[in-house]
Amino acid sequence: MSKILIRGAKVLGGEPQDVLIDGETITQVGAGLTAGDAEVVEAAGKVLLPGLVDLHTHLREPGREDSETVLTGTRAAASGGYTSVFAMANTFPVADTAGVVEQVWRLGQESGYCDVQPIGAVTVGLEGKKLAELGAMHESAAGVTVFSDDGKCVHDAVIMRRALEYVKAFGGVVAQHAQEPRLTEGAEMNEGVVSAELGLGGWPAVAEESIIARDVLLAEHVGSRVHICHLSTAGSVEIVRWAKSRGIDVTAEVTPHHLLLTDELVRTYNPVYKVNPPLRTERDVLALREALADGTIDIVATDHAPHPHEDKDCEWAAAAMGMVGLETALSVVQETMVDTGLLDWAGVADRMSFTPARIGRAEGHGRPVSAGEPANLTLVDTAYRGSVDPAGFASRSRNTPYEGRELPGRVTHTWLRGKAVLVDGKLT
Ligand SMILES: [Zn+2]
């Protein structure tokens, strides 16, 4: 592997510096470094970040390769500036055994575009009845530390308690999709003014908030660690803020789409806006942005949820829930958090790399941009503005809510352990 000199990049948005990579490692960071025999990447005006880490990706393999595979998903990840993604367990078969998580982990190793860390299911078949083999998945080659029934909520309080107790033994974490199932039966969108006007079944905020309240109290009771997936309401923010003030070991994520879009869009009946949890109100969006800025919400996670065309190109009621997100996440965060003055680029590095890597224990990722560290890096042209064209996506699916929307920022380069996987916006 060769040497690369990234010249004049604003490291984490700071003063321009040169970064020298030798093999898999960053060997020097400073002004005016000598290129020598290194290949030079001119990066003046661009921002250099640690490779992004996504704690919540649906790669769909095994079982739904028509929507995404580990290979296409990791290519999408590299395009979006990610060097590590955590793959959710709701595959076919479900990732509830050491065998399935090892299969996903191996496919990630073979892809070479982005590291894949499988998430193990909490319960057998995501059925919420019996704990899956958490210990065996942790001890497997995949080394699973994050467990989630995402897509479904671990709604039984006793099962949730047992899972929290179990993962505590090896420093794991349960990532909860907080949704009280009885309160959301038949729900198709956020419960509020718009759902009342449209006559669609509503999904009340309390369905999310009641589970979060219960789970932070359970985490406190057993002294374990809980992570809240895709937090979406202002009330959820208040509960997490309260829990953290009590010293409860809770972390939370927000998706890019919940930072930008509201339930007003459902008036179009375009299924591209159908997602779980649903798009909420302007008030919720503003509360989520503020919470991400002040650290109440720890990280941004994409909830990248690819669906084939036929599952989205149908009437609202029949459409699948979810949207792709890996290739637009950083642009949406720039639009909603950086260009609004709520977060600087060092803050983005924290919310999209350092902290998700720490929560998921992604070794070698979320590290400082300094000598001796693995060269997992992403270079961003933050001055770019352009409209989103899904035809250019590396993902196998196109179900983006941003088609034709102008967004800022473009990832031009991604390096995975010193290997260029994205150069001038093109996958290698
Ligand atoms: Zn979910």
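Mentor: Two strands pair if DSSP finds at least two bridges between them. Keep in mind that this model is predicted. Now take strand S16 (residues 377-387) and strand S17. They run antiparallel and are joined by eight bridges.

Trainee: Which residue in S17 is the bridge partner of Leu 379?

Mentor: That partner is His 413.

Trainee: How does S17 pair with strand S18?

Mentor: S17 and S18 (residues 419-423) pair in the antiparallel sense, over three bridges. Find Trp 415, then look across to S18: Ala 420 stands opposite.

Trainee: How many residues lie between S17 and S18 in their hairpin?

Mentor: Two residues lie between them. Look at Arg 417 in the turn. Its phi is positive, about 45°.

Trainee: Is S17 mostly covered or mostly open?

Mentor: Here you need a cut-off: buried means under 20% relative accessible area. S17 spans residues 406-416 and is mostly covered. Nine of its 11 residues are buried.

Trainee: What should I know about side chains along a strand?

Mentor: In a regular strand, they alternate between the two faces of the sheet.

Trainee: Now a whole sheet. In what order do S6, S7 and S8 stand?

Mentor: The order is S6-S7-S8. These three strands form an open sheet with parallel pairing. Strand S6 (52-57) and strand S8 (115-118) are at the edges. Each has a single partner strand, so one side of each has no neighbour in the sheet. Neighbouring strands of this sheet are turned against each other by 20° on average, direction ignored.

Trainee: How many bridges join S6 to S7?

Mentor: Four bridges join S6 to strand S7 (residues 82-87).

Trainee: Which helix lies across S6 and S7?

Mentor: That is H12, running at about 55° to S6.

Trainee: On to helices. What describes two packed helices?

Mentor: Two things: the angle between their axes and the distance between the axes. Start with helix H6 (residues 205-222) and helix H7 (residues 234-245). They pack at an angle of about 10°, and their axes are 9 Å apart. Angles under 35 degrees count as roughly parallel. So H6 is roughly parallel to H7.

Trainee: Which residues make the contact between H6 and H7?

Mentor: From H6, they are Glu 208, Glu 209, Ile 212, Ala 213, Val 216 and Leu 217. From H7, they are Gly 235, Ser 236, Ile 239, Val 240, Trp 242 and Ala 243. By class, the contact of H6 with H7 has eight nonpolar, two polar and two charged residues.

Trainee: At what angle do H11 and H12 pack?

Mentor: The angle is about 130° for helix H11 (residues 329-338) and helix H12 (residues 345-360). Their axes are 11 Å apart. That angle makes H11 oblique to H12. Their crossing is right-handed.

Trainee: Which residues of H11 and H12 meet?

Mentor: In H11 look for Ala 329, Leu 330, Val 333, Gln 334 and Val 338. They meet Trp 345, Val 348 and Met 352 in H12. This contact has seven nonpolar residues, one polar and no charged.

Trainee: Now the loops. Where are the cis peptide bonds?

Mentor: One runs from Glu 61 to Pro 62, with omega near 5°. Pro 62 lies in the loop between S6 and helix H1. Another cis bond joins Phe 92 and Pro 93, with omega about 0°. Pro 93 is in the loop between S7 and helix H2 (98-111).

Trainee: Why does Thr 69 count as buried?

Mentor: Its relative accessibility is 12%. Thr 69 is in the loop between S6 and H1 (70-79). Leaving aside residues up to four places away in sequence, Thr 69 touches Leu 59, Glu 61 and Arg 396.

Trainee: Which residues other than glycine have a positive phi?

Mentor: Leu 12 is one of them, with phi about 55°. Leu 12 sits in the loop between strand S1 (3-11) and strand S2 (16-22). At 23% relative accessibility, Leu 12 counts as partly exposed. Asp 424 is another, with phi near 50°. Asp 424 lies in the loop between S18 and strand S19 (426-427). With a relative accessible area of 47%, Asp 424 is partly exposed.

Terms used
Residues numbered from 1 in each chain as written. Predicted model: local features only at pLDDT ≥ 70, side-chain atom pairs only at ≥ 80, totals over all residues. Heavy atoms only, no water. Axes fitted to C-alpha atoms, helices over the stretch in contact; angles between N-to-C directions. Parallel < 35°, antiparallel > 145°, perpendicular 65-115°, else oblique. Contact = heavy atoms within 4.5 Å. Nonpolar A, V, L, I, M, F, W, Y, C, P; charged D, E, K, R; others polar. Left-handed = near helix turned anticlockwise from the far one by under 90°. Buried < 20%, exposed > 50% of the residue type's maximum accessible area, 1.4 Å probe, protein only.
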